[in-house]
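Try each task before reading its solution.

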Amino acid sequence: GPAPVARVVGAGAPVPLDDGRHVPYANLDYAASAPCLEAVQEAITRALPYYSSVHRGAGYASQVTTDAYEKARETVRGFLGAWQRAAVVFTRNTTDAMNLLAHAVPAGTTVVVFETEHHASLLPWRRAVRLPAPATPAEAISAADRALAGSPGGPRLLVVTAASNVTGELWPIRELADVAHRHGARIAVDAAQLVPHRPLDMAGLCLDYVAFSGHKLYAPFGAGVLAGRADWLRAAPPYLKGGGASASVSGHGDTTRWAPGAEQRHEAGTPNVLGVIALAAACETLATRWDALAEREEHLLARLRSGLAAIPGVRELTLWGGRGPRVGIVSFVVDGWSARDVALTLSGEHGIGVRDGKFCAHPFVRHLLDVSGAGCSGGEGTAVRASFGIGTADEHIDRLLAALARLAVAR
Ligand code: PMP
């Protein structure tokens with residue numbers, strides 16, 4: 001297959017099997033959290049000697065750290081293709097970003113959201129209209145159109161994922177943005193699973209808000225982003241109240257002026273500077289490698305999907321047949337096996353890391369199992385998910401397929 005596009009930390013590290021042998025780890029759980037890029041590790045190592053709190057100190061280290069933190073904001077802006085004056089707020093992760101947006105939407109905002117969303121994008125809204133899983137991308141567009149046409153006046157927000165964390169399928173976000181804007185609504189895109197695989201052109205697609213997590217983008221945990229229109233964010237009270245969010249506080253405690261900028265207002269407290277620097281380093285690396293990444297992923301995806309299709313009793317779960325554009329995420333069930341037992345066997349006997357469960361998308365996984373007829377195959381409403389990225393080799397895919405083929409005959 002095509003050569004790796006970058007190096008990740010810890011690739012091929014040995015893991016113990018149940019019988020005491022050790023094998024190189026086959027990490028097929030990138031959609032949960034991706035390993036660090038070596039370039040990210042190097043950026044952290046470079047930042048550590050000047051590690052200091054941002055924005056307040058006059059000392060050299062604080063200046064260097066502040067510069068790096070604010071430069072990271074510009075890197076993220078470029079990475080997302082956001083417009084010059086878009087707010088880029090650093091959060092903890094996608095969940096935090098979506099909750100910040102839910103906090104900032106004007107009172108009475110109606111949120112239209114598909115039931116296929118990850119819980120991070122499904123649950124934070126006070127007033128939501130939930131749409132059932134659409135049978136086709138075209139139906140997603142027309143369902144959003146009808147829901148927005150029929151929704152009450154006042155501010156409206158359509159929330160949709162760019163790439164499903166369960167099936168890897170891409171959603172038609174350009175068309176959904178058009179639909180939202182035709183009705184005077186805004187669109188917020190959950191890009192947690194898209195940006196580790198494909199570039200996003202926020203301004204070109206006219207996306208009002210985008211959220212993603214650093215830890216799925218080859219950086220460590222604890223740093224994420226909400227980018228988008230500044231007005232609602234500037235008008236909302238601070239998400240967290242404290243230092244940084246306040247412009248001035250009177251001695252009597254009765255008058256506090258909050259920082260007017262969207263970022264300062266919603267980044268109270270000492271921020272996760274190293275996490276943000278790491279996240280920006282990941283953005284920089286990926287931004288130069290999209291073509292190679294796409295080529296490699298197509299290759300791995302074809303190998304995995306054709307292999308799975310050839311194993312009797314293995315059923316892939318897709319919403320739209322899986323033939324359209326998608327990222328390196330494949331969920332499946334094995335007839336006669338619980339997802340948990342499949343995942344434990346893959347780990348204990350083969351050194352393969354996959355995920356089993358409902359992937360924080362309970363309504364969606366239930367729907368996929370129902371329509372695939374796999375709902376009563378003994379899996380208790382759960383599935384297995386294999387997901388991959390930059391450190392994935394053909395051998396990992398082949399090991400998974402061989403292990404599943406053995407499982408399937410053992411049932
Ligand atoms: N949205 C999607 C599509 C995801 O896959 C995830 C992570 N599984 C999230 C949101 C939540 O991300 P985090 O846990 O980093 O907040």
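**Exercise 1. Describe the shell around the ligand by residue class, then find where its members come from.**

Solution. Start with the classes: the shell holds three nonpolar, ten polar and one charged residues. Keep in mind that this is a predicted model. Next, look at who comes nearest: of the 14 residues around the ligand, these are Asn-93, Thr-95, His-118, Asn-165 and Ser-213. Finally, turn to the helices: α3 (94-104) and α4 (119-122) each give at least two residues to the shell.

**Exercise 2. Work out how helices α11 and α14 are oriented towards each other.**

Solution. Take the geometry to begin with: α11 (residues 290-309) packs against α14 (residues 394-410) at an angle of about 10°, and their axes lie 10 Å apart. Angles under 35 degrees count as roughly parallel, so α11 and α14 are roughly parallel to each other. Now list the partners: Leu-300, Arg-303, Leu-304 and Gly-307 of α11 meet Asp-394, Ile-397 and Leu-401 of α14. Sorted by class, the residues of this contact are four nonpolar, one polar and two charged.

**Exercise 3. Characterise the side of domain 1 that touches domain 2.**

Solution. Across the boundary, 27 residues of domain 1 are in contact with 23 residues of domain 2. On the domain 1 side, α11, β14 (329-334) and α13 (362-372) each supply at least two residues, and α13 gives the most, with five. By class, that side has 18 nonpolar, seven polar and two charged residues.

Terms used
Residues numbered from 1 in each chain as written. Predicted model: local features only at pLDDT ≥ 70, side-chain atom pairs only at ≥ 80, totals over all residues. Near = placed C-beta within 6 Å. Helix = DSSP H or I, 4+ residues; strand = E, 2+ residues; numbered from the N terminus. Nonpolar A, V, L, I, M, F, W, Y, C, P; charged D, E, K, R; others polar. Axes fitted to C-alpha atoms, helices over the stretch in contact; angles between N-to-C directions. Parallel < 35°, antiparallel > 145°, perpendicular 65-115°, else oblique. Contact = placed C-beta atoms within 7 Å.
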